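Biologist: I would like to learn how to read a model like this one. Please take me through it feature by feature.

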Amino acid sequence: MQANRLRVRCAIVLVALLGSSCGRYWVCDEVDATQTAQLPQRLSETGLYADIATGALAPGVWAYTPQFELWSDGAEKQRWILLPNDRPIDTSNLDEWRFPQGTKVWKQFSVGGVRIETRLLEKRGPGDADWLSLAYVWSPDAKDAIAAPLGAIDAQHTDHDVPAAGECSACHAGRRSFILGFSAIQLAASAATDEIDLDTLIHRGLLSNPPESSPVVPGNAVEAAALGYLHANCSHCHNQTRPARSGARCFDPEKDDDFTLEVAQLDDVLSTPTYRTVVGHAVKRGNPDDSKLYKLVTSRGLFKQMPPLATEKVDSAAVANLRLWIEGL
Amino acid sequence: MKVKIAFSAAVLSWAARTAFAEPAIDPALPPGGAQIEAQAHFGVATTPFDVTALPEAKGQAFALLASGRYALSVPLSFELRAPLVLGSVAQPAGSYVDAAALGNPQMGVRYRFIQRRSGEATLGLAGAFEIGIPLASHAEDLMPNRVLAIADGIEGRAHPEWFTPGVLPLTPSAALRWASAPWSVETELRLPLLVRISEANLPSTSTDTNVLGFAAVAGAEARYRLSRRLSLAAGAHLFFDIAPSVAHVRDVSRVQDFERLGLHIHFGSRAALVVDLQTAIAGELGGSTVAGGLRAVVNL
């Protein structure tokens, strides 16, 4: 009898282990609804616009464009940041900027010229993880956008999916800075006149420890574009300095691949983490078709695509460049 | 992973062998007899979900069902069922969140109208009526609603009365069973009626709930006894969405097929373990839904 009970218990535990095995990296914690409820329910109330009808930005809001963009299935994107009272960013670590409490960052997605959604990240506390995130879906008349904490599938009859509030952390929480496209490397290129870039930030005294010079991504055009693409699309998960997580393993790679571009490691391509950790492993020199990285970025489908989130279409221009890069290695 | 699955399947089978004494499944219980059943289906499904911003529910889930049946007399028995779902729900951008939900427990009676024997063949006709206790989980984040919808897909949409939150389900059914060793065939028609009692947290701005939902589910299964221990079963059902309990937010096929293959392992005359695999060929679930699992039945 005792032995029978033990066997039944063993079976139950085994089934439980199979069901919740530690390999389920795609399962994230659900965001606490009381947190998203703290954010305004309308985009017009978030502080982005002085007048949402005309699109006039509120005072202190800056537009910016990272030099290497995250692929979003071809959606057109615009980005803005508000640093509260022009308080400087703590840039003592040039690769992991720490933003002042009250910082707000917005990103707007349009498809075919139609505004679909605008995402907000707002730093509500002093800690690195004290960010709240929420997407706002534009109304069909484009007069305002309404909070969508559950996200939306095929929003506004396009194939664009709006992430649930909890999904933002899947990528953003992979870096201590939380903000992925506003960094020394991403802002190093000269911006348009109405946008902010690294030089402007330095000039306006908005960086606590400005770099001595603007970082330049090494390599020829193909190499720099490949390193930039991997930095923008892969490094928020695949890096060696991820903040520790106490919850489920959520898009937290266990392998040693590192696709980051770091300010102190830009002397030549060989000193970049991508060349040190990926080339020769997930990237086979001269052989894109035998390279795991190339196969994943050219695939779409459950558990066999990279990036794993927020994309259903292959970035053909980036793939063409990655192919050239691998063939030339 | 394959090794883990094989190992745990072996342990499960070993545990089942030793946990249950030897017996089989006789659909006709003697007065005072009881039957208990535990079913676990694991599968992946993409099913319609009637919220404008989230027109589908996608994910993987364990659909668990505990059932009991007690024979009050030769023709009349009392039944109880309690569904539970554990799963992972896909979010719009592609990550998943774990969720658990209670289904609507059901209680009802089954009455055997006809039980005829002609030589080796038997023919039985039974009618049943179940009423659901409206306990199915729902929440503002729609996570339990969605995991229930996924479980509904895993079961081929055959049991909306188990998996629809915010309704009082009333389900009449009739089953006809013919058996002549080594064959048996069972057909069933169920007509779940769902009476709306709450909005189940569905957002009123984007979802229209209906006061009544009504569906018809017609199924058939044939079994062939291979040996004293083993039977093979093949079955299918068709689900007809006559009047949806929630207005669809996009075009949804009103008819759903679902096919099932099973291997029955008999342990004497009082217990059986069923291993089955089920999927849809067409309809909303075709190409996106597949499930498999275990069912254990014991006559007490």
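Biologist: How many bridges join β2(B) to strand β3 (residues 76-90) of chain B?

Modeller: First, a caution: this is a predicted model. Now the count. β2(B) and β3(B) are joined by 13 bridges, and the two strands run antiparallel. One pair to find on screen is A71(B) with its bridge partner S77(B) in β3(B).

Biologist: How many residues lie between β2(B) and β3(B)?

Modeller: Four residues lie between them, and the two strands form a hairpin.

Biologist: In which sense does strand β1 (residues 34-51) of chain B pair with strand β2 (residues 54-71) of chain B?

Modeller: Antiparallel, over 16 bridges.

Biologist: Where do side chains point in a regular strand?

Modeller: They alternate between the two faces of the sheet.

Biologist: Let us zoom out. What is the secondary structure of chain B?

Modeller: Three helices and 14 strands.

Biologist: How does the radius of gyration of chain B relate to that of a compact globule with 300 residues?

Modeller: They agree: such a globule would have a radius of gyration near 19 Å, and chain B has 19 Å. The C-alpha atoms of chain B fill a box of roughly 60 × 45 × 30 Å along the principal axes. As for burial, 40% of its 300 residues count as buried. Sequence separation is another thing to read. Take the contacts in chain B with a separation of 6 or more: residues 24 or more positions apart account for 66% of them.

Biologist: Now chain A. How many helices and strands does chain A have?

Modeller: Eight helices and eight strands. The radius of gyration of chain A is 21 Å, close to the 20 Å from the globule rule for 329 residues, so chain A is as compact as a globular protein of that length. Along the principal axes, its C-alpha trace spans about 75 × 50 × 40 Å. Buried residues make up 39% of the 329 in chain A. Of contacts in chain A between residues at least 6 apart in sequence, 58% join residues at least 24 apart.

Biologist: Which domains does the assignment give for chain A?

Modeller: Domain 1 (33-172) and domain 2 (216-327). At the contact between them, 18 residues of domain 1 of chain A meet 19 residues of domain 2 of chain A.

Biologist: How many residues does helix α8 (residues 316-327) of chain A have, and how far does it reach?

Modeller: Helix α8(A) has 12 residues and reaches 16 Å from its first C-alpha to its last. That is close to the 16 Å expected at 1.5 Å a residue.

Biologist: Which residues of α8(A) are buried?

Modeller: A318(A), L322(A), W325(A) and I326(A).

Conventions:
Residues numbered from 1 in each chain as written. Chains lettered and ligands numbered in written order. Predicted model: local features only at pLDDT ≥ 70, side-chain atom pairs only at ≥ 80, totals over all residues. Expected span 1.5 Å × (residues − 1). Buried ≥ 20, exposed ≤ 12 C-beta atoms within 10 Å, placed from the backbone. Pairing = 2+ DSSP bridges. Rg over C-alpha atoms; globule rule 2.2 N^0.38 Å. Contact = placed C-beta atoms within 7 Å. Domains from an automatic or database assignment.
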